[in-house]
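Subject: Structure for you to look at

Dear colleague,

I am handing over the structure we spoke about, and my notes on what was found in it follow below. Please read them with the model open beside you.

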Amino acid sequence: MIATSPKRVGAPAAAERPRCAGASAVAVPPRGDRSRAAGIRAKWVRPVVLACLVATATSGCGLSAELDRERDPGRTHVPDRASSPDPLVIEVPEPSNPVPVQQGRGCPPSGLRLDIGPVDAAMGLRGTTLTLTDCGKRPYKVNGYPAIAQVLDEEGAPITGVHSVVGTDKVPMAPADPGPEPFTLNPGDSAHAALYWRMAAQHGVYVRVAPQKGQDAVTLRVPDYLDIGPENTLGTTAWMPAS
């Protein structure tokens, strides 16, 4: 006669655990020594979980994949590209036509380069410095004042009513003009002259200036701006050799 272990009355049969598609069955170790069973359990729990995760990613074991299969068992649906959201489109505005100014570097064909400095302000008086450099290969004779042709706004339109004068007598509080003195600029040499005006409302962004009267003017962008406004006076000092 063979002895058998009695079953507990009312104990339900062990329910079969569901497995994800693609995950292999793993035998559960029999009851026995608890420490041995714990060690075995730690060895098989991680592989089973990993197998289910891999199977879910590769075989569509997730809820979303199951719903797709129920809607379209034959996988015949093709996404409508027309109804799909358009990709992000970044529109780059076309660059506006800048006001043609003297190149930032290099020597112009004339062999003379003009530059303008930042604006100084004090008690409503404004001033800036013009620099004339002989960047060519021949000496250049200087005798007189820079010739201011126009003051332009941001759009390149002339600010009407600006009066450009030689000297500084008509600009209140401006320093005295030393007066013209003839001298020669050798290649590499520079000269300075100053512009003075009184503060006003409108901003002058560009200045068209020639080394001397009767010569071609170039357009310079002011590092700050000339807040000179219309019906105002722009005085100039004579060129002086740079020390």
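To begin with the strand pairings, β8 and strand β12, which covers residues 240–241, run antiparallel and are joined by two bridges, and within this pairing His192 stands opposite Met240 of β12. Please keep in mind throughout that this is a predicted model.

Strand β8 also runs antiparallel to strand β11 (residues 233–236), again with two bridges between them, and here Tyr196 has Gly235 of β11 as its bridge partner. With β3, the strand β8 pairs in the antiparallel sense over nine bridges, and one of the facing pairs sets Leu132 opposite Ala191 in β8. Strand β3 is in turn joined to β1 by five bridges, the two strands running antiparallel, with Arg113 finding its bridge partner in Thr133 of β3. Strand β1 itself is mostly covered, since four of its five residues are buried.

The largest nonpolar core has 25 residues, and the members that touch the most others are Leu130, Leu132, Leu234 and Trp239. Among the elements that give two or more residues to this core are β1 (112–116), β3 (125–134), β5 (147–152), β9 (204–210) and β10 (218–226), while β8 gives the most, with four residues. A second, separate core of five residues includes Leu125, Val171, Ala174 and Ala194.

How many disulfides does a search of the whole structure find? The search finds one, and this disulfide joins Cys107 to Cys135 with an S to S distance of 2.0 Å. The torsion about the S-S bond of Cys107 and Cys135 is about 75°, so the disulfide is right-handed. Because Cys107 lies in the loop between α2 (63–71) and β1, and Cys135 in the loop between β3 and β4, the pair ties together parts that are 28 residues apart in sequence. As for accessibility, Cys107 counts as partly exposed at 39% relative accessibility, and Cys135 is likewise partly exposed, with a relative accessible area of 29%.

Most residues other than glycine have a negative phi. Met123, although it is not a glycine, has a positive phi of about 55°; this residue lies in the loop between β2 (120–122) and β3, and it is exposed, with a relative accessible area of 71%. Met173 also has a positive phi, near 75°, and its place is in the loop between β6 (163–166) and β7. At 55% relative accessibility, Met173 counts as exposed, because the cut-off for that class is over 50%.

With best wishes

Notes: Residues numbered from 1 in each chain as written. Predicted model: local features only at pLDDT ≥ 70, side-chain atom pairs only at ≥ 80, totals over all residues. Heavy atoms only, no water. Core = buried A, V, L, I, M, F, W, Y, C linked by side-chain atoms within 4.5 Å. Buried < 20%, exposed > 50% of the residue type's maximum accessible area, 1.4 Å probe, protein only. Disulfide = S-S within 2.5 Å. Pairing = 2+ DSSP bridges.
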